Amino acid sequence: MSSNSIFMPSKITHSLWPTDCAWWDQISWNCLLTLRSLQTYSFQLNLLDSRTVMGDLGWIAFPKNGWEEIGEVDENYAPIHTYQVCKVMEQNQNNWLLTSWISNEGASRIFIELKFTLRDCNSLPGGLGTCKETFNMYYFESDDENGRNTKENQYIKIDTIAADESFTELDLGDRVMKLNTEVRDVGPLSKKGFYLAFQDVGACIALVSVRVYYKKCPSVVRHLAIFPDTITGADSSQLLEVSGSCVNHSVTDEPPKMHCSAEGEWLVPIGKCMCKAGYEEKNGTCQGKSLPADLQGLSASVGSCICIFSSDYEQMTFYFANLWRLFLSGLISLFSEF
């Protein structure tokens, strides 16, 4: 979990926040250009990143006067999908935001990264009895891309989300906003995809971005064996045993194995492949052996022959044959001078 302080310099023209929560009117999302910057996530493959979706996300809110999408653009005029809700002065809030269908691409365990801001209830006069400082996240598995369900009891709760840092009226005066990052995981998944849902129960929240991803162990060559891309298991402590296949011109009595961890790392290698006779290991491959150093000079005199030998016997035979050939060539040259 982490949080970052960010500065928001200019004014946004559209806001539905109450007067006491009208901090949004003082803020521009131009500062969120860092969320648009290219990022590399090791061993992580995105299933959804709301920051990179150019068109409509297709998310729905109910009731309709709950969560609301704020249409803004970043420094490159690309849209930023941000959802907000701030019904802190009203009791018994139950506002839901549902995503569109998300394919899990064969992953049985997925991760959800949320970036959001949240208002400190103590900084809201008159809202202490109704204001909340948390919201809830749920999911619903489905094989149907069009099977979004609005029945609350069909969704499984992932967790209650709280902010590491909430902002106050004083932060608004300093024009500083605190952006929180929370990550949760879900598994095992058994269907082709799922929906996410966010439930507000009376907080002042801005959901800035949602990223959903899974982890894999990337394809790698280890001990002359190729191990393929492998999606991590459903359990956070699970090690998946994966068999490797020998690279070209290598053999083994028993297939080498490695274990793919839940964090996408290869661990516990067992066994290895060996290059066949006449080949040697170079940069994770088996390459044909070249002539010995002394024979390389000799080969220049006999036609620059470069050969691959399958045994030491063949090397020696070739070596002495060329010595004899060189001797005869020199002898003929000597007699031709007389």
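Me: How far does the predictor's confidence reach 70 or more in the protein chain?
Reply: This is a predicted model, in which local features need pLDDT of at least 70, side-chain atom pairs count only at pLDDT 80 or more, and totals for chains, interfaces and linings use all residues. Residues are numbered from 1 along each chain as its sequence is written, and side-chain values use heavy atoms, with hydrogens and water left out. pLDDT is the predictor's confidence in each residue, from 0 to 100. The mean over the protein chain is 78, and the share of residues that reach 70 or more is 69%.

Me: Over which residues does pLDDT stay under 50, with 114 contacts in the model?
Reply: A contact means heavy atoms within 4.5 Å. Residues 298–311 have pLDDT below 50, and that stretch has 27 contacts beyond near neighbours in sequence. The stretch with 114 contacts beyond four places in sequence is residues 1–41.

Me: How many helices and strands does the protein chain have?
Reply: Helices (H or I, at least four residues) and strands (E, at least two) are DSSP runs, numbered from the N terminus. In the protein chain these come to four helices and 24 strands.

Me: What share of the 338 residues counts as buried?
Reply: Buried means under 20% relative accessible area, exposed over 50%, and partly exposed in between (1.4 Å probe, protein chains only). By that rule the buried share of the protein chain is 42%.

Me: Which residues have the most contacts inside the largest nonpolar core?
Reply: A nonpolar core is a set of buried Ala, Val, Leu, Ile, Met, Phe, Trp, Tyr and Cys residues joined through side-chain atoms within 4.5 Å. The largest one has 31 residues. Strands that give two or more residues to this core include E5 (79–86), E8 (110–118) and E13 (204–217). The residues with the most contacts inside it are Ile 110, Ile 112, Leu 114, Leu 196, Phe 198, Val 210 and Val 212.

Me: Is Ile 156 buried, exposed or partly exposed?
Reply: Ile 156 is found in strand E10. Not counting residues up to four places away in sequence, Ile 156 touches Met 137, Tyr 138 and Tyr 139. Because its relative accessible area is 45%, Ile 156 is classed as partly exposed.

Me: Which residue stands opposite Cys 86 in E13?
Reply: Seven of the eight residues of E5 are buried. Two strands pair if DSSP finds at least two bridges between them. E5 and E13 pair in the antiparallel sense over four bridges. Opposite Cys 86, E13 has Cys 204.
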